[in-house]
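Here is a short tour to read alongside the model. Take a moment to look it over, and then let us walk through it together.

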Amino acid sequence: SDPKSPTLLSSVRSIRAAKANRIKLLRLRQESSGKEVLVALLPLEQPIGALAVVDVTDPTEAALLTVRRLPFHLKDWISTKTYCLAVNKRAEVHVFAALTSTVYVF
């Protein structure tokens, strides 16, 4: 669509994917079919951090694929709120939880 007047193509709404920030796009090839898929990776700034994955291959039919929670350390009661994420050339997703200074790799 025109950057000066963007057109909404679709949307995904889920309480499980609340508080998303700093979205990254990742193009993947499915091993089983060889089909190329475009996903949006959403770091979720919830008290127990998470990573949401949204299929945006067809921008008119975006779909939430999964929400993956980060490990929670109950004994310390420290929030694992996700701060940001990065993706390397091998398509590994690195998620950073600021309060615990921890990087999780998916």
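How many salt bridges does the structure hold? In this predicted model, the structure holds four salt bridges.

## Salt bridges

One of them joins the side chains of E45 and R22, with 3.0 Å from N to O. E45 sits in the loop between β2 and β3 (50-55) and R22 in the segment before β1, so this pair ties together parts that are 23 residues apart in sequence. E45 is partly exposed because its relative accessibility is 21%, and R22, at 35%, also counts as partly exposed.

E36 meets R27 in another salt bridge, where the closest N and O atoms are 3.2 Å apart. The side chains of E36 and R29 also form a salt bridge, at 3.5 Å from N to O. Through shared partners, R27, R29 and E36 are joined into one network. Within it, R27 is exposed at 51% relative accessible area and R29 is exposed at 56%, while E36 is partly exposed at 35%.

## The sheet

Four strands make an open, antiparallel sheet in the order β1-β2-β3-β4. Its edges are β1 (24-29) and β4 (63-69), each pairing on one side only. On average, neighbouring strands are turned by 25° against each other, direction ignored.

Six bridges link β1 to β2 (residues 36-44) in the antiparallel sense. Among the paired residues, L26 has V39 of β2 as its bridge partner.

## The largest pocket

The largest pocket has a volume of about 290 Å³. It is lined by 15 residues, of which V12, A40, V54, V56 and A62 are the closest to its centre. β2 gives the most to this lining, with three residues. By class, the lining has eleven nonpolar, three polar and one charged residues.

Technical notes
Residues are numbered from 1 along each chain as its sequence is written. This is a predicted model: local features need pLDDT of at least 70, side-chain atom pairs count only at pLDDT 80 or more; totals for chains, interfaces and linings use all residues. Side-chain values use heavy atoms; hydrogens and water are left out. Two strands pair if DSSP finds at least two bridges between them. Helices (H or I, at least four residues) and strands (E, at least two) are DSSP runs, numbered from the N terminus. Axes are lines fitted to C-alpha atoms, for helices over the stretch in contact, and angles run from 0 to 180 degrees between N-to-C directions. On a 1 Å grid over the protein atoms alone, a cavity is a set of points where a 1.4 Å probe fits but cannot get out, and a pocket is an open set with protein on both sides within 12 Å along at least five of seven lines; lining residues have an atom within 4 Å of a point. Grid points are joined across faces, edges and corners, and a volume is the space filled by probe spheres set on the points. Ala, Val, Leu, Ile, Met, Phe, Trp, Tyr, Cys and Pro count as nonpolar, Asp, Glu, Lys and Arg as charged, and the others, Gly among them, as polar. Buried means under 20% relative accessible area, exposed over 50%, partly exposed in between (1.4 Å probe, protein chains only).
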